[in-house]
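Reader: Can we go through this one together? I'd like to start with the overall picture and then look at a couple of residues.

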Amino acid sequence: MNNKFILPTIIAVVCCCASMMVLSVPLDGTPCDVNPPCNKTECPGAFEEYSCDYGCYEPTCAVRTRNIQCFVSGKGCICKQGYIRAYDNGPCIPVGDCPC
């Protein structure tokens, strides 16, 4: 018995940023957008502002810093200067109002 298989070949161009993270994999030949536009929006909280590049986590009262390496930057609403999240995804409060 002579079985023949034909496997399709997919050729992809992978775009990488400076940190070598994949930004997109265009199969249609379009160029990679290494600086996608930042569409700032209004934030729901009184002490929040929109950021196009805030790292991979936002500090909270319980966890001020995390010893992790960020590979992807986040976009979204973050606490304004002088404010911190009360808890994960919680409201922004003045840093001095965090419980001990």
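Author: What follows covers the fold and then two residues, and the model is a predicted one.

Reader: How many helices and strands does the protein have?

Author: Zero helices and six strands. From the N terminus the order is β-β-β-β-β-β.

Reader: And what share of the residues is buried?

Author: Of the 100 residues in the protein, 19% are buried. The protein exposes about 8,100 Å², with carbon and sulfur atoms supplying 57% of that area.

Reader: On to Arg85. Where is it, and is it buried or exposed?

Author: Arg85 sits in strand β5, residues 83–85. Its relative accessible area is 8%, under the 20% cut-off, so Arg85 counts as buried.

Reader: What does the Arg85 side chain have for polar partners?

Author: The side chain of Glu58 makes a polar contact of 3.0 Å with that of Arg85.

Reader: Which other residues is Arg85 in contact with?

Author: Beyond neighbours within four places in sequence, its contacts include Glu48, Pro59, Thr60, Cys79 and Cys92.

Reader: You mention Cys79. Which strand is Cys79 in?

Author: Strand β4, residues 76–79. Cys79 is buried because its relative accessible area is 9%, under the 20% limit.

Reader: What is the C-alpha separation of Cys79 and Glu58?

Author: It is 8.3 Å, for two residues 21 apart along the chain. Glu58 is also among the contacts of Cys79, as are Phe47, Ile84 and Arg85.

Terms used:
Residues are numbered from 1 along each chain as its sequence is written. This is a predicted model: local features need pLDDT of at least 70, side-chain atom pairs count only at pLDDT 80 or more; totals for chains, interfaces and linings use all residues. Side-chain values use heavy atoms; hydrogens and water are left out. Helices (H or I, at least four residues) and strands (E, at least two) are DSSP runs, numbered from the N terminus. Buried means under 20% relative accessible area, exposed over 50%, partly exposed in between (1.4 Å probe, protein chains only). A polar contact is a pair of N or O atoms within 3.5 Å; within protein, one must be able to donate a hydrogen and the other to accept it, and residues adjacent in sequence count only if both atoms are side-chain atoms. Contact means heavy atoms within 4.5 Å. Accessible areas come from the Shrake-Rupley method with a 1.4 Å probe; for residues, only the protein chains shown count as cover.
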